[in-house]
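Subject: The two-chain model, and what turned up in it

Hello,

Here is the structure I promised to pass on to you. Please open it beside this message and read the two together.

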Amino acid sequence: MASISGSIDTPQRPLSEVSTRPNPLQRAALVWRYRELLVSLVRKELKIKYKNSALGFVWSLLNPALYLVVFYIVFQVFLKNGIPYFAIFLLAGLLPWNLYGVALGAATASITSNASLVTKVWFPREILPLAAIGAGLVHFALQTLVLFAALLLFRYPPAWSYLPLIPLALFTLVLLLAAFSVGLAAINVYARDTQHLLELALLAWFWMTPIVYPYRQVADRVGSLFLLNPLTPIVITFQRAIYNKTDVVSRPKGGGPPSVIHVLPPHADWLWYTRNLGIVIVISSLMLLGALAIFGRLEDNFAEEI
Amino acid sequence: MGAVIEIEGVSKRFRLYKEKAHSLKERVIKLGRLPYEEFWALRDIDLEVAQGETVGLLGHNGSGKSTLLKCVTGILLPTSGRIAKAGRIAALLELGSGMHPELTGRENIYMNGALLGFSRAHIDTIFDDIVAFSEIETFIDNQVKHYSSGMYARLAFAVAVNVDPEILVIDEVLAVGDESFARKCIERIKQFQREGRTILLVTHQADMVRQICDRAAVLDRGNLVTVGAPGEAVLSFRDTLLKRGLDPVAEGVGPGAATTKQVRIVDAAIVYPDPARKHLFPSEPVTIRLQYEAPRPVVDVVFAINIHDQAGNLLLGTNTDILGIDVGTVRGSGEVTFALDRVPLLDGVYLVSLGVHSHDSGIEYDHRDQRDFLEVLNPSKTVGLVHFPLHVEITTSHGAEAAF
């Protein structure tokens, strides 16, 4: 028979309150202490998602691939937007967006879909939306491989000097995602149609973000207002680093006169992108603290409301 | 030794919404105000558990014991009051809680460990112990959804006791699984006790409380009725059960009411059809014998019998008056036999209560509450409570008939 290794001769541990909920900073500390659970849950999400599927992880690549094909046909073939290497331009913006949209959707439903855990086991509940983000990041990493493949295939050089901004942009994206995820996951327990509302909101948000069209086509008309969308600074940083062009020359297939398409701000430098991301980081951090506070208030009744 | 669990003035109120309005639309229409009823699952509970102590929580279904455990583990937040704990709690609140059916046993062990707050590295060191204890070595890489409920329980219990918690909280999970594993669990619990660990255990098995608890607390409708020695608590628990069963019948045989002992129940016995075995098979007859003694003649006498299941449901409540039997004057010693021609029950241990009182129930002479047990063993695989007389007939289109 197995034996228990330790024994309790050590002095008694101090009493800790169970009946008061921790403040946002304590919550963050608890999440850190349970980081192994976060990893386990991400692993679980991925395993369950692909357990009985023949193609497994390939499925996560099919979604962006389909988007790519559809948008390529619509915008290049029919609408003739004339952007060269449109696939790469599109992927640069689509990958961060996919991470955002898919993870936010999964995170919002994460508490209600794990009801059996929430009502029977205690752990910091914020872990559930965060695990959805974690699973999203794994998919993101896989989809990035497709982008790499595309860059190699076209022998397309990214902007090496801007590449260091990608981790910062990704960090910003995750922070923003965490803020929305934690807040919406809690609200969704009380109002289940939050997740449906979110689907509509994400649809609108997608078209309000310069993913399938270049930033300047809108920014030239509305100015920096466009930067109010916190995803804009993130997406254009990806585009700057990967697509690596601020203006492109479009040569119509029929042989008409070439025209210049403005893609990204011409005089914007490293600092401009960093500053924009910095603003989003500050706002997202504040929002995350707010979301943790909301979460803390709503969490009391999770096990009852679910 | 100091307290490792402190429960002070804890109350828990649930809001039972008449209609669950989970959609935003309904919330908006009703401006957040939904009709609800308040229900107090716990009222002003005070309980301290000292280090190294094993405390049992007894109570019928809906008495609030599970709610209390959920408050202690932090799953629910009490409406008022304070709960503090010292050390790490491993809780087994329900069979297979925290197990994912799609994952294998191995994956679930790590998952469960992580849920309890333990690192992968730590689980690695105790993984073999867990597997050995659960006795499911061969199936450890099978998906848990293919496990039997006994295997589920074994795996969950094995994780909880092997992760080395300071406090173990168990909610009735020992009721599942086969007898030999239950014995093994109890062995392990006793080892825990020797090591000075603290255990909070919910059960409605009186034997379990007597066997392993240092103290026990009885909950009834959210109130803490008794905290004391196991024997005392078990008696108090039976009182609450009996009160519950008899309330609707307004028998007044409730415990606490003083008995006059004008007629005393000297002894009682369950007479099984086959004296060689101490149990019944479904739908076998049984006889319950009550021996009484009346030092002086008593004119107004009714003999009563109640049978409860372990959850406290009244299965039978009757007396000689209801049955139209005139007992007449009782004098000296004698015997009353309740012969049940058939006991249409499936598996279980049933509690028999006997009483003697006057016609209007005004005077209670004596009672013997739930001290006798009726055990029914079901050899077939049919599950449930009642042994319905069941016949199946199958008619085929060819006109041939088969009867079973």
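Below are notes on confidence, on each chain, on the contact between the chains, and on a few places to look at.

This is a predicted model, in which local features need pLDDT of at least 70 and side-chain atom pairs count only at pLDDT 80 or more, while totals for chains, interfaces and linings use all residues. Residues are numbered from 1 along each chain as its sequence is written, and chains are lettered from A and ligands numbered from 1 in the order in which they are written.

**Confidence**

The model scores ipTM 0.79 and pTM 0.72. Residues 246-257 of chain B have pLDDT below 50, although the stretch makes 24 contacts in the model beyond near neighbours in sequence. Two residues are in contact if their C-beta atoms, placed from the backbone, lie within 7 Å. Where pLDDT is low, the predicted coordinates should not be read in detail.

**The two chains**

Chain A has 13 helices and 3 strands, whereas chain B has 8 helices and 18 strands. Helices (H or I, at least four residues) and strands (E, at least two) are DSSP runs, numbered from the N terminus. The C-alpha trace of chain A spans about 85 × 45 × 40 Å along its principal axes.

Of the 306 residues in chain A, 38% are buried; in chain B, with 404 residues, the figure is 42%. Buried here means that 20 or more other C-beta atoms lie within 10 Å of a residue's own; exposed means 12 or fewer, and partly exposed is in between, with C-beta atoms placed from the backbone. Among contacts with a separation of 6 or more, residues 24 or more positions apart account for 81% in chain A and 72% in chain B.

**The cores**

A nonpolar core is a set of buried Ala, Val, Leu, Ile, Met, Phe, Trp, Tyr and Cys residues joined through C-beta atoms within 7 Å. The largest one has 151 residues, and A:Leu177 and B:Leu200 touch the most other members. Beyond four places in sequence, A:Leu177 is in contact with A:Tyr100, A:Ala103, A:Leu104 and A:Ile133. A second, separate core of 27 residues includes B:Ala304, B:Ile307, B:Tyr350 and B:Val376.

**Where the chains meet**

The contact takes 38 residues from chain A and 50 from chain B. On the side of chain A, the elements that give two or more residues are strand S1 (15-17) and helices H2 (35-50), H6 (115-118), H9 (194-207) and H13 (302-305). H2(A) gives the largest share, 6 residues. That side of chain A divides into 16 nonpolar, 10 polar and 12 charged residues. In this count Ala, Val, Leu, Ile, Met, Phe, Trp, Tyr, Cys and Pro are nonpolar, Asp, Glu, Lys and Arg are charged, and the others, Gly among them, are polar.

S1(A) also runs antiparallel to strand S4 (residues 80-86) of chain B, joined by 3 bridges; two strands pair if DSSP finds at least two bridges between them. A:Ser16 stands opposite B:Lys85 there.

**Places to look at**

Helix H12 (residues 270-299) of chain A has 30 residues, which should span 44 Å at 1.5 Å a residue, and the 41 Å between its end C-alpha atoms agrees. The expected span is 1.5 Å times one less than the number of residues. Buried residues of H12(A) include A:Tyr273, A:Leu288 and A:Phe295, and its buried residues pack against H1 (24-33), H8 (165-190), H11 (231-242) and H13 of chain A.

In strand S3 (residues 54-58) of chain B, 5 of 5 residues are buried. B:Thr54, B:Gly56 and B:Leu58 lie on one side, with B:Val55 and B:Leu57 on the other. S3(B) runs parallel to strand S7 (residues 198-203) of chain B over 5 bridges, where B:Leu58 partners B:Thr203. S3(B) also pairs in the parallel sense with strand S8 (residues 215-220) of chain B over 4 bridges, and B:Gly56 stands opposite B:Ala216.

Lastly, A:Phe57 is in the loop between H2 and helix H3 (58-78) of chain A. A:Phe57 counts as partly exposed because 13 other C-beta atoms lie within 10 Å.

Happy reading!

Terms used: pLDDT = per-residue confidence, 0-100.
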